Amino acid sequence: MGQHGSSVAHGGAPGSTDAFLPESQLLDSPRTELETGREPFEETASGVGQLDDKEKKDCEFLWSFLAGEEKELDARKRLLASVLTVCRLRLEGRYLPDGKLEPQHEALVRKKLPSYRCPVMSLGRHAVLAITARSNEDIARVGQHLRRCITYICSLAEMQEHDSFDAPLHEQMLQSLDRVLQVRLCLSPGFANVEIILQALLPCTKSNRVRVRRCAVERIVSLRNLMGPAFLMGSSSQNSESMADIRLLKEMPDTLMGQLLGHLILCCAEEDEDIRCESTETVQAIHSILAARLGYKFGSANPNLYVEDGHWGHFCAPYAAWNTLVPEIVQSICDNLTSDSNALLRDIMIKTLLKITRLDPQRVVRTMLRDISWCNTSLTVMWQAIVSESSLAQVVVKNLLLEQPEPSHSDLHQGYSCNHNLAISHAMHTILHLPSSEECVRLFMRKLYRTVLLKIFFILQCSQRGCFNLRDSDTEENMLPVKEIRNAVECMRAIFRHRMGDSLVEDIERQGGWDMLMSLETYHTGVAVLTRALQNTGPLCCAAVFEETVVALIVRQEHEIGTMAVFVELLDCVKVATIMERIGSTSILSFLPSYLQSQNSVLRDLATTSLVKLSAIPTMAVILQDLLPEIMQQLQDADSNIGAKAMTVLHNLLRVTDRQKAVPIALQLPKLLLPFFLNESSHVRQLSILLCKDAMEVAGHTRRAEMKKEVRNILLPLFFHMHDQDQSVAQASWEALLCAAKLLKRKHLRYLLKTAQTQRIGECLLMGHGSRADQFLEQSLSYLRSPQEPLQEAAVRFIGLAGQHLRDGREEKLNNAIEALRSLERTGSSSASTLVAETIQLLRTLLGVSPLRYRLSSMWERRLHSLRAGWLRCCSCAQG
């Protein structure tokens with residue numbers, strides 16, 4: 001008997017041979033003898049009821065034991081019996097020691113609590129605190145010891161298989177524990193005590209020993225019975241209307257109840273029948289508690305109706321409203337949904353997850369994204385479960401799209417956590433590969449397409465800037481970015497497969513579209529390929545995606561290449577004017593200027609491409625005229641492709657733009673466009689020359705004098721390009737030069753152009769304009785470096801003519817021209833070399849002519865020019 005009696009005070013590991021030591025060896029502080037000459041119950045009793053002799057002895061024994069040195073088994077059993085007695089008397093109101101303690105008893109109450117490894121002594125000490133209404137005194141210290149005491153007593157249950165286990169003593173300890181907890185809860189209402197108790201019991205419900213789990217669930221059931229009158233309005237007629245009940249009802253912690261419900265739901269799948277039944281009953285009781293709280297919150301006239309019916313169907317609405325429980329339940333399911341879970345447990349958890357998702361899908365989705373690590377293996381199973389039904393999948397995907405953040409790309413830096421974005425990407429990857437998501441793709445195509453593209457781009461940027469947070473993943477650092485990018489691209493493949501079938505997915509593969517999405521350098525090209533393929537879905541889908549894209553471009557603060565690429569590609573297949581009229585036509589001006597000024601060349605290129613297409617639409621061209629200054633800036637872009645697109649836009653806009661806005665732009669164009677005349681692309685050369693013609697026609701009427709100054713600088717280049725190998729460029733040059741002759745009122749030049757006397761045009765440009773010979777000569781020298789031989793030859797001939805009209809610094813300029821021609825003579829073709837040699841000889845001859853003779857020759861040439869010009873005017877008049 002003595003051997004058994006020491007068992008409950010053990011501090012070692014259960015099951016060890018030295019597990020049960022005398023309690024005297026476990027006390028962590030010496031006791032002080034208390035004088036017991038007076039019976040405390042006599043002075044402290046309130047007179048509510050008389051105590052019999054046994055009750056008096058039990059009350060007296062409690063105090064003397066805690067102050068004395070008695071440690072025999074019988075004494076400890078008697079202490080547990082006295083704990084039961086004093087707690088019962090205190091609840092009955094027949095033993096009220098609080099406020100009337102002797103000094104020595106007061107010192108005993110305040111004495112340091114014993115270690116949890118002395119459970120009998122600890123129960124006695126906590127009984128004293130409870131019956132003296134000191135439950136709230138130093139609640140942190142009390143809670144620490146009470147929690148440890150509860151945990152240790154429950155853990156003793158697993159020792160029932162050992163011969164040394166004293167089952168009667170353990171049972172008596174459990175009864176005493178329940179009674180102490182009852183006194184604490186009834187005399188000190190509040191959730192601090194409930195939280196302390198549950199924090200000790202809930203971990204025991206997950207023990208790998210069934211006896212420990214059963215012990216913990218039994219204590220929770222007991223706790224539920226104790227809380228019933230206080231928490232369930234209407235369950236107790238004597239307490240339901242009390243102010244204390246209402247206060248408790250209002251103060252009940254949501255998180256605590258959520259933890260309790262989450263653990264108990266898992267216990268409902270227990271193989272042990274006792275645990276399973278008691279857990280199910282307790283879950284139903286918690287449902288009633290929540291229903292009662294909701295009835296109080298919304299002023300229900302008869303909350304008893306909620307309490308009397310514990311069926312799930314009646315509980316759905318209030319449970320969904322109290323959404324703070326959802327995170328705790330979802331987290332608990334995730335923690336226990338492991339690969340080694342038994343089938344019954346997994347089935348219960350999945351069904352529970354489906355139920356709460358139907359009730360509050362937004363909270364469930366948010367919890368799974370924000371509170372659970374994206375690389376948790378259980379999370380994939382959970383996503384698959386909640387979208388297993390098509391109707392539920394639609395709700396989940398809708399809420400998933402709402403959780404999509406609008407990240408600030410400029411804030412990305414090393415150390416930035418992109419876990420939330422990765423969580424959404426993983427959820428999308430899991431969901432979109434399921435057959436149940438096919439209808440979701442059809443319904444949410446407009447948002448899914450842009451969202452997934454944005455996700456790919458953001459993960460690409462995270463990879464480039466080293467923003468991946470690897471703390472939640474065991475994947476190697478150098479493999480994680482590639483894997484996550486591939487997962488995001490696979491999401492898009494799944495969307496196209498659901499919407500358009502495998503054949504289109506394979507066609508995109510052949511074009512390299514999927515691979516292009518894997519790199520920032522080719523991402524926008526891949527988006528273009530996908531968006532062109534998207535046009536196979538029909539005009540309605542394209543129009544919806546386009547509208548979503550425009551709205552996204554308007555509201556976003558960040559520059560996003562993918563969204564802009566979608567916008568550009570869809571301009572060809574939707575009724576832009578109709579959609580923009582619905583959204584607001586001028587709203588396009590809210591984002592295009594920023595893209596035109598972006599430091600990202602891809603964005604600038606996409607912006608100018610969009611303007612090329614928009615400016616071809618008359619109604620949109622009128623709106624875009626306000627962007628003329630920004631478009632002009634693109635002519636100076638280092639990327640000539642962007643400059644060429646800007647020329648097309650200007651060509652489309654100049655003629656529809658208000659003249660007050662168009663003329664100042666036109667006056668600047670000849671100077672800005674001149675460098676493009678020598679561009680290697682014939683298309684760029686043609687565009688720049690024709691745009692010069694447009695500028696002359698726009699500004700020639702109202703600002704003629706200013707435009708004439710600008711036009712004179714492009715006369716010679718236009719003449720040279722009449723010899724361009726590309727006939728479209730030569731034709732454009734002829735038209736522009738004819739327009740310039742008209743603007744400058746050069747009738748002789750117009751006559752030569754109309755009569756195709758190309759060889760005489762150079763001489764015509766110089767006659768009467770010897771003062772411009774220096775400028776003409778400099779322009780000619782630059783064309784000696786042209787890759788086109790016809791242009792080189794035209795420049796050589798003109799240099800010979802220009803040399804004869806030089807004035808100031810004539811000798812130096814002739815020598816420079818000769819040196820430039822010698823360089824061409826060494827590198828040019830045989831035919832060009834002959835022409836160069838003849839021109840060099842001419843220039844050397846001019847060097848030998850005296851300045852006086854040169855001036856006389858010049859005067860004679862001017863006289864001949866005057867006579868020839870008069871004769872030509874007569875001829876032209878006769879022909880007219």
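Analyst: A crossing is left-handed if the near helix is turned anticlockwise from the far one by less than a right angle, and right-handed if clockwise. The model is predicted: local features need pLDDT of at least 70, side-chain atom pairs need 80 or more, and totals for chains, interfaces and linings use all residues. Numbering starts from 1 along each chain as its sequence is written, and side-chain values use heavy atoms, without hydrogens or water.

User: Is the crossing in which H3 passes H6 left-handed or right-handed?

Analyst: H3 covers residues 53-67 and H6 covers residues 119-131 (helices are DSSP runs of H or I, at least four residues, numbered from the N terminus). Leu62, Trp63, Phe65 and Leu66 of H3 meet H6 residues, among them Met121 and Val128 (contact: heavy atoms within 4.5 Å). The crossing of H3 over H6 is left-handed.

User: At roughly what angle do the axes of H3 and H6 cross?

Analyst: The axes of H3 and H6 come within 10 Å. The crossing of these two helices is at roughly 125°.

User: How many of the 15 residues of H44 are buried?

Analyst: Helix H44 runs over residues 789-803. Its buried residues include Leu791, Phe798 and Gly803 (buried: under 20% relative accessible area, 1.4 Å probe, protein chains only). H44 is largely enclosed by the rest of the structure, because the number of its residues that are buried is eleven.

User: How far apart in space are Glu547 and Arg582, C-alpha to C-alpha?

Analyst: Glu547 lies in helix H28, residues 539-555. Beyond its neighbours within four places in sequence, Glu547 is in contact with Arg446, Ile579, Arg582 and Ile583. Glu547 and Arg582 are 35 residues apart in sequence, and their C-alpha to C-alpha distance is 9.4 Å.

Note on methods. Axes fitted to C-alpha atoms, helices over the stretch in contact; angles between N-to-C directions. Expected span 1.5 Å × (residues − 1). Buried < 20%, exposed > 50% of the residue type's maximum accessible area, 1.4 Å probe, protein only.
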